[in-house]
Amino acid sequence: MNQSGKLPRSGLGPLVLIAAILGGGAAAFAYTAGWLSPGRLTPEQMIAALTPPSGAPLGHRRNHAKGICFTGIFEANGNGVELSRAKVFERGTYPALGRFNLGTADPNAVDATVRVRGLGLQIAAADGEEWRMALINPPFFAVSTPQAFHDLLIASAEKEPEAMKIFIHANPEFAAFATWAKTAPWTTSYAEEPYHGLNSFIFTNAKGGEHAVRWSLLPTVQPVPVSQAELEKRGPDFLEQEIVERIRTAGPQRWTMVTTVADPGDPIADPSRPWPEGRRKVQLGTLAVQRIEPERDGPCRDINFDPTVLPRGIRLSDDPFPAARSSVYRKSYDLRAAEAGDYPRTESARP
């Protein structure tokens with residue numbers, strides 16, 4: 001990772017960087033029984049592909065290593081009960097715990113060098129069930145299959161200049177993400193970003209009716225676009241500093257949770273393909289982020305935002321990414337737990 005904050009601005013350079021750091025929130029894949037055959041992808045292989053040349057971020061997540069914790073509430077408006085029998089959709093208020101993060105394996109990355117921003121979230125129901133999710137700010141994923149993402153990581157690490165060209169030729173869906181990366185506006189706040197789940201899940205309501213859905217968290221504040229050059233001037237850790245100060249002075253920050261319901265024939269298993277405009281959307285409630293805490297001692301430190309942790313009324317679809325990612329999250333957790341000495345808690349926070 002370029003620590004100077006000076007970024008390449010032409011050719012494939014920025015896309016290679018983006019590819020290398022892209023969203024562990026929706027971008028770490030692994031062997032899962034019945035999905036990948038033995039000898040192909042494993043958690044170890046994916047973690048190796050995510051590891052930068054400078055080495056693994058010991059004690060940290062293997063991707064989205066830079067982040068900050070938050071706590072708050074999810075205020076359900078009751079609209080979701082039509083789609084799902086999950087308790088968290090019944091009108092009421094539910095505790096929420098999460099993590100703002102950057103799509104990089106470098107916990108010390110300069111904010112302006114990282115194109116993808118993420119949000120991990122856990123919502124807990126009164127009956128003890130949890131709903132965990134991982135979201136990122138691109139509106140669609142870079143590639144269509146886990147194997148393609150692995151190939152992207154390998155190609156982006158190659159010194160051979162033709163490697164990325166060969167990859168892009170074999171995976172034309174990457175062009176849409178490349179356009180987003182080059183043209184989408186930057187902001188100077190986590191609070192101004194939309195966060196998209198990208199993957200498809202099945203909601204089941206109390207009558208047994210099923211719907212394939214995707215969901216997003218849309219900010220209630222108006223985003224203020226800035227240039228990447230302007231963000232560079234704000235300092236390497238500006239995003240964390242800004243969200244702390246924003247909540248201190250302006251109070252809780254909010255996002256509206258919006259679920260999009262698929263029509264028959266929409267691509268359920270391919271997160272690189274957005275569903276057509278005009279699909280039914282249902283507002284489920286509001287996430288209110290009330291408190292920010294540094295990750296080192298914060299409540300999100302030891303949470304895996306594993307998207308296969310689902311309450312009754314939500315289940316996996318044919319989209320292979322969530323189940324595959326779960327295996328890498330588990331391996332990443334084991335590694336960082338064993339490396340806790342490399343990322344020690346402060347003395348006051350020790351058990």
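## Ile-123 and the nonpolar cores

In this predicted model, Ile-123 touches Phe-74, Val-88, Tyr-94, Pro-95, Glu-129, Glu-130, Trp-131, Met-133 and Met-257, when residues up to four places away in sequence are not counted. Ile-123 also belongs to the largest nonpolar core, which has 41 residues, and it is one of the five that touch the most other members, together with Phe-100, Leu-121, Trp-131 and Leu-217. Strand β9 (residues 281-294) contributes the largest share of this core, five residues.

Another core, of 28 residues, lies apart from the largest one, and among its members are Ile-136, Leu-152, Phe-167 and Leu-198.

## Aromatic pairs and charges over rings

The structure holds 15 aromatic pairs. A pair of aromatic rings is described by the distance of the centres and the angle of the planes. Phe-100 and Tyr-195 form a tilted pair, with 6.4 Å from centre to centre and 45 degrees between the planes. This pair links distant parts of the chain, since Phe-100 lies in strand β2 (residues 92-102) and Tyr-195 in strand β5 (residues 195-196), 95 residues apart. Both Phe-100 and Tyr-195 are buried, and the two belong to one aromatic cluster that also takes in Phe-70, Tyr-190 and Trp-255.

The rings of Phe-141 and Phe-321 have their centres 5.8 Å apart and their planes at 70 degrees, and because an angle over 60 degrees counts as edge-to-face, the pair is classed that way. Phe-141 sits in the loop between β4 (130-136) and α3 (146-157), whereas Phe-321 is in helix α8 (residues 321-338), so this pair ties together parts that are 180 residues apart in sequence. Phe-141 and Phe-321 are buried as well. Charged side chains also meet rings: Arg-115 lies over the face of Trp-186, at 4.4 Å from the ring centre, and Arg-234 lies over the face of Phe-238, at 5.3 Å from the ring centre.

## The faces of helix α4

In helix α4 (residues 162-170), the buried residues are Ala-163, Met-164 and Phe-167. Seen down the axis of α4, these residues fall within an arc of 90 degrees, and they therefore line one face of the helix. On the other side of α4, Ile-166 and His-169 are exposed. An α-helix has 3.6 residues a turn, so residues three or four places apart point the same way.

Strand β6 pairs with strand β7 (residues 210-219) in the antiparallel sense over four bridges, and the bridge partner of Ile-202 in β7 is Ala-212. The two strands form a hairpin with five residues between them, and Gly-208 in the turn has a positive phi of about 90 degrees. Strand β6 is also joined by three bridges to strand β10 (residues 314-316), again running antiparallel, and there the bridge partner of Phe-203 is Ile-314.

## The chain as a whole

The chain has eight helices and 10 strands, and buried residues make up 56% of its 351 residues. Among the contacts in the chain with a separation of 6 or more, 77% are accounted for by residues 24 or more positions apart.

Technical notes
Residues are numbered from 1 along each chain as its sequence is written. This is a predicted model: local features need pLDDT of at least 70, side-chain atom pairs count only at pLDDT 80 or more; totals for chains, interfaces and linings use all residues. Side-chain values use heavy atoms; hydrogens and water are left out. Buried means under 20% relative accessible area, exposed over 50%, partly exposed in between (1.4 Å probe, protein chains only). The arc is that of the directions from the helix axis to the C-beta atoms. A nonpolar core is a set of buried Ala, Val, Leu, Ile, Met, Phe, Trp, Tyr and Cys residues joined through side-chain atoms within 4.5 Å. Contact means heavy atoms within 4.5 Å. Rings of Phe, Tyr and Trp (its six-membered ring) pair if their centres lie within 6.5 Å; planes under 30 degrees apart count as stacked, over 60 as edge-to-face and the rest as tilted. A charge sits over a ring if NZ of Lys or CZ of Arg is within 6 Å of the ring centre and within 35 degrees of the ring normal. Two strands pair if DSSP finds at least two bridges between them.
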